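Please keep the sequence and the structure in view while reading.

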Amino acid sequence: MGKPLYKRILLKLSGEALAGSKGFGLDTETINQIAVQIKEVIRMDVQVAIVVGGGNFWRGRSGESMDRTTADYMGMMATVINGLALQDALENIDVITRVQTAIEMRQIAEPYIRRRAVRHLEKNRVVIFAAGTGNPYFSTDTTAALRAAEIEAEVILLAKKVDAVYDKDPNQNDDACKFDDVSYIEILNRGLKVMDSTATSLCMDNKIPIKVFGLDDPGNIKKAVLGKSLGTYIHS
Ligand code: UDP
């Protein structure tokens, strides 16, 4: 099967990754497939923390005429829905999971407490971080960078709709070139749309490598953990 490259990972699942081909809401089949992959990774003795996005329901910038802060709180709520769905799918296959939210909602989930999150990971529980950073004007990519730094994850696995980083949008340009690896600074200088610049800078400053790959094949999570050639590797 191969040996995992990492002991502790931060997996970022965008909301879209949970919507499957529907593109909106939750696709049970897709979520179940992702859960099975996560279980396999846990079995390799890799500690798994997850940050979930919310774009399959709502993004702050979708609320054009709304107050931005309110719209962002709605986006954070969307990530909680996704976190609970993922927890349910994982616990259905006997993977012990804790959801921690950056905005307190104690009846639903634990509040985010770094030390407690690390303790769960050490006990091989999956920890799902929901409600982003708890602050408007941020993204769940920035949340992934922040939580990865806090829990000292060795890598961020960034599972996206697009399978890698390209020099231009591959859906609009047939001649788009894929990067096998690229530096943070090149991403920032070229304005490559992989993460927002806040998230990229946070990773750069804290030297957290990022592996970007597509979730079209859920098996990619395991491949990424095993260090198989896949997607794009972002580093110093
Ligand atoms: N959000 C926020 N603060 C955070 C994280 C997320 O305000 O720390 C809001 C923001 O409105 C964002 C939405 O939650 O658009 C959903 O997150 P994101 O767009 O990052 O989800 P993804 O694109 O990964 O599905």
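Leu158 has Val212 of strand E10 as its bridge partner. The model is a predicted one, in which local features need pLDDT of at least 70, side-chain atom pairs count only at pLDDT 80 or more, and totals for chains, interfaces and linings use all residues. Residues are numbered from 1 along each chain as its sequence is written.

**The sheet**

Strands (E, at least two residues) and helices (H or I, at least four residues) are DSSP runs, numbered from the N terminus. Two strands are said to pair if DSSP finds at least two bridges between them. On this basis, nine strands form an open sheet of mixed pairing, in the order E4-E3-E5-E2-E1-E6-E10-E11-E9. Strand E4 (110–111) and strand E9 (181–183) are the edge strands, as each pairs on one side only.

Strand E10 (residues 210–214) is largely enclosed by the rest of the structure, because four of its five residues are buried. A residue counts as buried if 20 or more other C-beta atoms lie within 10 Å of its own, as exposed if 12 or fewer do, and as partly exposed in between; the C-beta atoms are placed from the backbone.

| Strand pair | Sense | Bridges |
|---|---|---|
| E6 (residues 155–160) and E10 | parallel | five bridges |
| E10 and E11 (residues 232–235) | antiparallel | three bridges |
| E2 and E5 | parallel | three bridges |

**Helix H2**

Helix H2 (residues 28–43) has 16 residues, which at 1.5 Å a residue should span 22 Å; the end C-alpha atoms are 23 Å apart, in agreement with this. The expected span is 1.5 Å times one less than the number of residues. The buried residues of H2 are Ile31, Ile34, Ala35, Gln37, Ile38 and Val41. They lie on the same side of H2, because they cover an arc of only 165° around the axis. This arc is that of the directions from the helix axis to the C-beta atoms. An α-helix has 3.6 residues a turn, so residues three or four places apart point the same way. Thr28, Glu29 and Arg43, on the other side of H2, are exposed.

The packing partners of the buried H2 residues are strand E1 (8–13), H1, strand E2 (47–52), H3, strand E5 (126–130) and helix H8 (220–225); contact requires C-beta atoms, placed from the backbone, within 7 Å.

**The ligand shell**

Of the 22 residues around the ligand, Gly53, Gly55, Gly60, Gly75 and Gly132 come nearest. A residue is near a molecule if its C-beta atom, placed from the backbone, lies within 6 Å of it. Helix H1 (15–19), helix H3 (68–92) and helix H5 (140–151) each supply at least two residues of this shell, and H3 gives the largest share, five residues. By class, the shell has four nonpolar, 14 polar and four charged residues. Ala, Val, Leu, Ile, Met, Phe, Trp, Tyr, Cys and Pro count as nonpolar, Asp, Glu, Lys and Arg as charged, and the others, Gly among them, as polar.

**Positive phi angles**

Just after H2, Asp45 takes a positive phi of about 70°. Asp94, in the loop between H3 and strand E3 (97–101), has a phi near 65°. Asp94 is exposed, with 7 other C-beta atoms within 10 Å. Ala131 lies in the loop between E5 and H5 and has a phi near 70°. Ala131 is buried, with 28 other C-beta atoms within 10 Å.

Definitions and conventions:
Two residues are in contact if their C-beta atoms, placed from the backbone, lie within 7 Å.
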